[in-house]
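Please work through the exercises below with the sequence and the model open side by side.

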Amino acid sequence: MMPRLGGKLYPGVYDGLKELSRHYKLFMVSNCGRNGLRNFMQFTGTTGFFTGSISYGENPVPKGENMSCLIKKYSLKGAVYVGDTQGDCDETHRAGIPFAYARYGFGMCQGYDMAFDSFADFTQYFIKLKHEKL
């Protein structure tokens, strides 16, 4: 339904992804069907911001295993997953990486490693972090 009905990004997401993609490799992991992520990225015009993606529809295993697949495939170091539910948090920790809790999202969670009140806050944090490491 995404190609016909669309959706709306949270404030700051498009510009934030654009800026972050200049400094980091970005990936998407989702529990959606086979074409869900591709449709989402095409609809929102964000396809060029992502290096790769994987969904449950493409590889029907738990989200944490799909995170691990991307980490291995792209030899990622210092990966972080952003999500908004306890399930996201639990799966991220199963993959052995830090969880960034998007408090502005749909769910609640405990045990996160960092939290952000907006995508702009998330973007600013990681851009600043990148510049500090240079």
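Contact here means heavy atoms within 4.5 Å. The model is a predicted one.

**Exercise 1. Find the strand in which Ser55 is found, decide whether Ser55 is buried or exposed, and list what Ser55 touches.**

Step 1. Ser55 belongs to strand E2, which covers residues 52–55.

Step 2. The cut-off for a buried residue is under 20% relative accessible area. Ser55 has 1% relative accessibility and therefore counts as buried.

Step 3. When residues up to four places away in sequence are not counted, Ser55 touches Ser30, Cys32, Gly33, Arg34, Leu37 and Asn66.

**Exercise 2. Describe how helix H2 and helix H6 pack, and name the residues that make the contact.**

Step 1. Two packed helices are described by the angle between their axes and the distance between the axes. For H2 (residues 13–21) and H6 (residues 119–133), the angle is about 15 degrees and the axes are 9 Å apart.

Step 2. Angles under 35 degrees count as roughly parallel, and H2 is therefore roughly parallel to H6. The crossing in which H2 passes H6 is left-handed.

Step 3. On the H2 side the contact is made by Val13, Gly16, Leu17, Glu19 and Leu20, and on the H6 side by Phe119, Phe122, Thr123, Phe126 and Ile127. Sorted by class, the residues of this contact comprise seven nonpolar, two polar and one charged.

**Exercise 3. Which residues of H2 are buried, and where do they lie around the helix axis?**

Step 1. Val13, Gly16, Leu17 and Leu20 are the buried residues of H2.

Step 2. Viewed down the axis of H2, these buried residues fall within an arc of 100 degrees, so they line one face of the helix. As background, an α-helix has 3.6 residues a turn, so residues three or four places apart point the same way.

Step 3. H6 is included in what covers the buried residues of H2.

**Exercise 4. Describe the packing of H4 with helix H5, and then say what the buried residues of H5 pack against.**

Step 1. H4 and H5 (residues 86–94) pack at an angle of about 45 degrees, and their axes are 8 Å apart. That angle makes H4 oblique to H5, and H4 passes H5 in a right-handed crossing.

Step 2. Lys63, Gly64, Glu65 and Met67 of H4 meet Asp88, Glu91 and Thr92 of H5. This contact of H4 with H5 has one nonpolar, two polar and four charged residues.

Step 3. Asp88, Cys89, Glu91 and Thr92 are buried in H5, and the buried residues of H5 pack against H4, E3 and strand E4 (99–102).

**Exercise 5. Locate Ser75, give its phi, and decide whether Ser75 is buried or exposed.**

Step 1. Ser75 sits in the loop between helix H4 (63–73) and strand E3 (81–83).

Step 2. Most residues other than glycine have a negative phi. Phi of Ser75, however, is near 50 degrees, a positive value in a residue other than glycine.

Key: Residues numbered from 1 in each chain as written. Predicted model: local features only at pLDDT ≥ 70, side-chain atom pairs only at ≥ 80, totals over all residues. Heavy atoms only, no water. Axes fitted to C-alpha atoms, helices over the stretch in contact; angles between N-to-C directions. Helix = DSSP H or I, 4+ residues; strand = E, 2+ residues; numbered from the N terminus. Parallel < 35°, antiparallel > 145°, perpendicular 65-115°, else oblique. Left-handed = near helix turned anticlockwise from the far one by under 90°. Nonpolar A, V, L, I, M, F, W, Y, C, P; charged D, E, K, R; others polar. Buried < 20%, exposed > 50% of the residue type's maximum accessible area, 1.4 Å probe, protein only. Arc of directions from axis to C-beta.
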